[in-house]
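Open your viewer and get ready to click along. We will go from one stop to the next, selecting a few residues each time.

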Amino acid sequence: MNKIFFWISFFISLLVVAFWPGALNFIANYPYMIVPVVIGAFITVFIVINVLLWILLIVVSWTVNKNKEYKKQSPFYGKLFAALLSNSIWWCGARVVVTGMEKLPDPKAGRFLFVSNHRSVFDTFIQVAALWRYPMAFISKPENFKIPIGNQYMRRCRYMAINRDNPREGGMTLIKASEILKSGDSCIGVYPEGTRNRTTDTLLRFRHGCFKAALWAKCPIVIGVVHNSAKIRPNWPKTTKVHFEIVEVLPYEAIKGKKSNEISDIVRQKMLAHLDADDWTYDLKLKNIPQQEDAREQPKVESEHTDSVNDTDTSTGEN
């Protein structure tokens with residue numbers, strides 16, 4: 001998103017310098033100032049474009065009814081939300097490299113359950129921005145639905161709050177997620193660790209219950225990992241290189257007939273194979289990674305809730 005803004009700002013600043021009489025007269029009198037004038041024009045245009053984007057995002061967010069439960073994903077709001085998150089992480093200093101997007105199915109081919117490790121509050125920002133071609137709805141903790149501006153987009157994009165203190169309500173959220181997947185309306189995103197990993201361990205213990213959504217919806221599981229996102233906040237205002245990687249797509253045939261804990265073990269091992277034990281130094285290796293452009297049966301509630309107890313804790317944000 002900001003690369004687009006960069007080049008738009010660059011060309012507009014050149015046009016301003018080339019055709020605005022005030023700039024032409026100033027440069028004619030002070031020819032040695034041409035470079036500072038171009039840089040100043042570029043910075044001004046770039047800031048103005050970003051301000052206009054945020055005004056648009058704020059105004060559009062006012063059109064969302066906070067008290068309404070939307071029954072269908074909105075591509076318009078989804079792409080605006082991705083733009084909001086992409087712009088936010090850029091200003092927070094994240095410079096994201098995305099790889100493995102060619103492994104994903106066509107955006108029109110069907111939906112998937114997306115799972116990833118969780119190191120930073122910015123993980124969802126990075127992933128939604130990278131997956132902007134896909135309608136995404138994450139399972140999140142209730143506190144995230146109080147975030148200004150963002151909460152309206154979360155509601156409109158059918159994000160789901162999960163009550164981690166009530167296993168039955170958590171099971172209902174997973175059933176709702178499977179119904180959304182099965183209908184083809186949205187892809188569902190969830191962090192199997194259940195919360196942000198603040199430890200020195202590569203991964204926390206997985207909550208197996210989240211994988212039931214893919215089993216019930218009979219859909220593939222997309223495994224992703226994020227490297228170095230934990231350094232974004234402590235590094236700011238300096239920039240931080242982050243690597244978001246699509247590890248593998250597990251087709252439904254690969255998980256059919258398996259229990260959720262078996263699927264959890266498979267996914268965990270695949271994540272571990274792509275994660276460094278010391279995630280904090282991963283940015284030193286990003287220079288060797290080429291930049292890649294983005295590619296393109298329901299169970300009864302009673303019988304499944306018992307099985308979901310103690311493993312439905314899922315969250316997209318900080319505890």
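**Start with confidence**

This is a predicted model, and the protein chain averages a pLDDT of 81, with 81% of the residues scoring at least 70. Colour the chain by pLDDT and select strand 2 (residues 113-116), which has the highest mean among the elements, 96. Then select helix 12 (residues 301-308), where the mean is the lowest, at 39.

Now select residues 290-319: the pLDDT is below 50 here, although this stretch has 103 contacts in the model beyond near neighbours in sequence. Residues 277-284 also stay under 50, and the model gives them 21 contacts beyond four places in sequence.

**Next stop: Glu 245**

Select strand 7 (residues 240-250) and find Glu 245 in it. Is Glu 245 buried or exposed? Glu 245 is buried, yet it has no salt bridge. The nearest side chain of opposite charge belongs to Lys 103, 5.5 Å away, and a salt bridge would need the atoms within 4 Å.

What does the side chain of Glu 245 join instead? Show His 274: a polar contact of 2.7 Å links the two side chains.

**A look at helix 11**

Select helix 11 (residues 260-274) and pick out Asp 265. Asp 265 is partly exposed, with a relative accessible area of 42%.

**Rings to find**

The whole structure holds 14 aromatic pairs. Begin with Phe 46 and Trp 91, a tilted pair with 6.0 Å between centres and 45° between planes. Phe 46 sits in helix 3 (residues 34-61) and Trp 91 in helix 4 (residues 75-91), 45 residues apart. Phe 46 counts as buried at 8% relative accessibility, whereas Trp 91, at 42%, counts as partly exposed.

Now try Phe 81 and Tyr 153, which are stacked: 5.7 Å centre to centre and 5° between the planes. Phe 81 lies in helix 4 and Tyr 153 in helix 6 (residues 150-156), so this pair ties together parts that are 72 residues apart in sequence. Phe 81 is buried at 5%, and Tyr 153 is buried at 0%.

Finish by widening the selection: Phe 81 and Tyr 153 belong to one aromatic cluster, which also includes Phe 76, Phe 114 and Phe 244.

How values were computed: Residues are numbered from 1 along each chain as its sequence is written. This is a predicted model: local features need pLDDT of at least 70, side-chain atom pairs count only at pLDDT 80 or more; totals for chains, interfaces and linings use all residues. Side-chain values use heavy atoms; hydrogens and water are left out. pLDDT is the predictor's confidence in each residue, from 0 to 100. Helices (H or I, at least four residues) and strands (E, at least two) are DSSP runs, numbered from the N terminus. Contact means heavy atoms within 4.5 Å. Buried means under 20% relative accessible area, exposed over 50%, partly exposed in between (1.4 Å probe, protein chains only). Lys and Arg count as positive and Asp and Glu as negative; His and the chain ends are not counted. A polar contact is a pair of N or O atoms within 3.5 Å; within protein, one must be able to donate a hydrogen and the other to accept it, and residues adjacent in sequence count only if both atoms are side-chain atoms. Rings of Phe, Tyr and Trp (its six-membered ring) pair if their centres lie within 6.5 Å; planes under 30 degrees apart count as stacked, over 60 as edge-to-face and the rest as tilted.
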